[in-house]
Amino acid sequence: MSAQSMLAQMEKALGWGEPNPVHRWYGSRNGSYFALGSTPWCQMTITWAAHLSGNYAAVCPHGDRAYTVWSAEDGERLGRWHAGTVANILRHAKPGAIVYMDWGGSNDPDAVDHVGIVEQVLGDGRVQTIEGNTGNQCKRRVRGAGDIAGFWNPPYEEDDMTRDEIYKAAWETDTMPVPYATEANPTWKPRSVLVDHGVKLRQILAQLDAQNATIRELVAVLAQRDDEIDVEALVARIRSEIEQVTIRLDVADA
């Protein structure tokens, strides 16, 4: 499976009008209604290309699709749906992504009207697509966020996340609730949590260093007054007592 093979199969349909091989292929599998040249075929083209290019499992996880809403919901159920904003397009859209249009301008997968496949992500937040049933043909189009309801990237085997993408997803994109967060900012990015914990840990270590220094100064003063005091043993005993107090306080908090 690969995005490249999916796009190569979609390219074969460029220029087709109505009726076409997509109608005949889908109708042979799902009934004569779909073989009619008047049957909407944008989603059927995606299913056809996925099957013939070896990408069926990735693109059609719940079987043949002729209805765009169901295909959009497939991506949503997989946790791969992205709303069609400029920011999401620039950050997440890839060649081979299935992209859905809502002529009403929403980002709702249940409201999509049309579908295509992303061939290229343009630098201004638009995408170049290949679409069946656009102007009664299969054509290349350029779509912007105003028309795009959303999209999802099928799990093509070759499209493993890069190290940089994994880092950004794990540390800079996802969020998690933290018990010490504010009401205005209830969730933090994992990277922020780690940095905050590092700051707090350094503060604790600095306090422990100061505490140890104070203990040694105190024991040194006592040793000057009494030669029989075992300095190291007394320091160890004081530390042990402090640790016991800390443990008791932790248990009480729990």
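Ser53 sits in the loop between α3 (42–52) and α4 (56–59). In this predicted model, Ser53 counts as buried because its relative accessibility is 15%, and buried means under 20%.

**Surroundings of Ser53**
- Apart from neighbours within four places in sequence, Ser53 is in contact with Ser5, Met6 and Gln9.
- Gln9 is 44 residues away from Ser53 along the chain, yet their C-alpha atoms are separated by 6.1 Å.
- A polar atom of the Ser53 side chain lies 2.6 Å from the backbone oxygen of Ala49.
- The backbone oxygen of Ala50 is 3.4 Å from a polar atom of the Ser53 side chain.

**Aromatic pairs**
- The model has six aromatic pairs.
- One of them, Tyr33 with Phe34, is edge-to-face, at 5.2 Å centre to centre and with 75 degrees between the planes.
- Trp81 and Tyr100 form a tilted pair, because their planes are at 40 degrees; the ring centres are 5.7 Å apart.
- Trp81 lies in the loop between α5 (68–77) and β1 (82–83) and Tyr100 in strand β2 (residues 98–101), so this pair ties together parts that are 19 residues apart in sequence.
- Both Trp81 and Tyr100 are buried.
- Trp25, Tyr26, Tyr33 and Phe34 are linked into a cluster by ring pairs.

**Nonpolar surface patch**
- A nonpolar patch on the surface is formed by Leu201, Ile204, Leu205 and Leu208, which together have about 350 Å² of accessible area.
- Leu201 belongs to helix α8 (residues 190–225).
- Leu201 counts as partly exposed because its relative accessibility is 48%.

Methods. Residues numbered from 1 in each chain as written. Predicted model: local features only at pLDDT ≥ 70, side-chain atom pairs only at ≥ 80, totals over all residues. Heavy atoms only, no water. Patch = residues over 30% accessible without salt bridge, like charges linked within 9 Å, V, L, I, M, F, W, Y side chains within 5 Å. Areas by Shrake-Rupley, 256 points an atom, 1.4 Å probe, with all protein chains shown as cover. Salt bridge = Lys/Arg side-chain N within 4 Å of Asp/Glu carboxyl O. Helix = DSSP H or I, 4+ residues; strand = E, 2+ residues; numbered from the N terminus. Buried < 20%, exposed > 50% of the residue type's maximum accessible area, 1.4 Å probe, protein only. Phe/Tyr/Trp six-rings, centres within 6.5 Å; stacked < 30°, edge-to-face > 60°. Contact = heavy atoms within 4.5 Å. Polar contact = N/O pair within 3.5 Å; in protein donor to acceptor, adjacent residues only side chain to side chain.
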